[in-house]
Amino acid sequence: MGMGMEEESSILIRRRTSLPATMVMVVLLLLCCNCGVEVVVAADESSTAGCPGGDGDGYRQLWVFGDSYADTGNLGNLGRELTHAWYYPYGVTFPRHPTGRFSDGRVLTDFVASAVGIATPVAYKLRRRGHGGELVSRGMNFAVGGSGVLDTGYFQRNISTQIDLFQKQLRGCGPTGVALVVVSGNDYSAVVEKNNGTSEAAIAYIPTVVRGLREQLRRLRDDVGMRKVVVTNLHPMGCTPYFTRSLNYSACDPLANAGSDQHNAALRSVLHDLDPANTTFLLLDLHTPFVALIDAKFPVRLRPCCETFTADGYCGQEDDGGKKQYTVCDDPERHFYWDDVHPTQAAWAAVADAFTPAIHHFLSI
């Protein structure tokens, strides 16, 4: 992929730490249906095309900010070790080849777009490919794997910088459509790494992260002018295979899940203060369906479909001779998790079944 001043490839640096390599990669990946995923983008972002239609035409655009739970191709292909999502077996279910999504197929953005009633918005990094004046016709995805509310230390665009790019794309037009803000835990993984692996440091960091998130939500409403903003709560991080592996995939880590609960309580308080009437902000509940589905629906709940041979490996890893250092399950639809931190397409579809009615109601008021 070409690199320019405005779309330089994200640079990931693996620091030397006392943590296993898996933790470093979690920072990159954790947070490092029937919906279209075609890649169609504007040929020239400096186009003088008119502003998009108003919300009287319905909420026909989706603007996405966040991390790898929402990324649909913004993390550049920098090699297998650092950017797994551009290599087999990612994308094996849909569209049967890697697309930069951190799953075997579709991810959260695809299903939220479907709930809104539009095709998946183009990834910012891919905006100059293809043809045709569709720069803002269905919005744009600025989310990138490894990002956080604050700086995670891996040179990824944090949410504030992603919103800067959004404002640039508007070129003075008033925003329309829906904003989606996805926060999946990279800020906490980063602070754990900096503090030699202590979960207590991550929990102590919650007020800082939530304050930063509050400011970006306020900014989207007051400075940018978004009338509808959907923000996710935090999934049960202790149930990801990164944590459950040490427990033989038999149980979730209670301390990590307690951190998720504290983050979510603080976020609920923030949204109540920002929007007591619940007309501008929707707290998109991922936590409840994650817990319910992990406990009930999927036969393989806490073990990933793509499982590495060692705890410090990664899905898609190969040795110097090209030999696979991982296994892939026969049926990803039986698994909730695809890799150490990301759900399968089947899991996202089931979660979307739970949250789609809330999005429909939110957009009707």
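Arg-171 is partly exposed, because its relative accessible area is 33%, a value between the 20% and 50% cut-offs. The model that shows this is a predicted one. Arg-171 sits in the loop between helix H3 (159–170) and strand S4. Its backbone has a positive phi of about 50°, although the residue is not a glycine. Most residues other than glycine have a negative phi, and most peptide bonds are trans.

The peptide bond from Tyr-88 to Pro-89 is cis, with omega near 10°. The bond from Phe-94 to Pro-95 is cis too, with omega near 0°. At Arg-96 the phi angle is near 75°, which is positive in a residue other than glycine. Arg-96 counts as exposed because its relative accessible area is 68%, and the cut-off for exposed is over 50%.

Another loop runs between H2 and strand S2 (122–123), and Gly-117 is found there. Gly-117 has 39% relative accessibility, so it counts as partly exposed. In sequence, Gly-117 and Gln-61 are 56 residues apart, while in space their C-alpha atoms are 9.2 Å apart.

Now consider the chain as a whole. It contains 10 helices and 8 strands. The chain has 365 residues, and 57% of them count as buried. It exposes about 14,400 Å², of which carbon and sulfur atoms supply 51%.

What lies inside? The largest nonpolar core has 39 residues, and those with the most contacts inside it are Val-112, Phe-336, Trp-348, Phe-355 and Ile-359. The elements that each give two or more residues to this core are strands S1 (62–65), S4 (178–181) and S6 (281–284), together with helices H2 (108–116), H9 (287–296) and H10 (345–364). H10 gives the most, with 9 residues. Phe-355 illustrates how such a residue is placed: leaving aside residues up to four places away in sequence, it touches Leu-108, Phe-111, Val-112, Leu-284 and Leu-286.

The crossing of H2 past H10 is right-handed. On the H2 side, the contact is made by Leu-108, Phe-111, Val-112, Ala-115 and Val-116. On the H10 side, the residues include Gln-345, Trp-348, Ala-349, Ala-352, Phe-355, Thr-356, Ile-359 and Leu-363. An α-helix has 3.6 residues a turn, so residues three or four places apart point the same way. Sorted by class, the contact of H2 with H10 has 11 nonpolar residues, 3 polar ones and no charged ones.

Helix H6 (residues 206–224) packs with helix H8 (residues 254–274) at an angle of about 35°, and their axes are 10 Å apart. H6 also passes H8 in a right-handed crossing. From H6, the residues in contact are Ile-206, Val-209, Val-210, Leu-213, Arg-214, Leu-217, Arg-218 and Arg-221. They meet Gly-259, Gln-262, His-263, Ala-266, Leu-267, Val-270, Leu-271 and Leu-274 of H8. By class, this contact of H6 with H8 divides into 10 nonpolar, 3 polar and 3 charged residues.

The last stop is helix H4. Is H4 largely enclosed or open? Of the 9 residues of H4 (residues 186–194), 8 are buried, so the helix is largely enclosed by the rest of the structure. The buried ones are Asn-186, Asp-187, Tyr-188, Ser-189, Ala-190, Val-191, Val-192 and Glu-193. Just after H4 comes Asn-196, which takes a positive phi of about 60°.

Technical notes
Residues are numbered from 1 along each chain as its sequence is written. This is a predicted model: local features need pLDDT of at least 70, side-chain atom pairs count only at pLDDT 80 or more; totals for chains, interfaces and linings use all residues. Side-chain values use heavy atoms; hydrogens and water are left out. Helices (H or I, at least four residues) and strands (E, at least two) are DSSP runs, numbered from the N terminus. Buried means under 20% relative accessible area, exposed over 50%, partly exposed in between (1.4 Å probe, protein chains only). Accessible areas come from the Shrake-Rupley method with a 1.4 Å probe; for residues, only the protein chains shown count as cover. A nonpolar core is a set of buried Ala, Val, Leu, Ile, Met, Phe, Trp, Tyr and Cys residues joined through side-chain atoms within 4.5 Å. Contact means heavy atoms within 4.5 Å. A crossing is left-handed if the near helix is turned anticlockwise from the far one by less than a right angle, and right-handed if clockwise. Ala, Val, Leu, Ile, Met, Phe, Trp, Tyr, Cys and Pro count as nonpolar, Asp, Glu, Lys and Arg as charged, and the others, Gly among them, as polar. Axes are lines fitted to C-alpha atoms, for helices over the stretch in contact, and angles run from 0 to 180 degrees between N-to-C directions.
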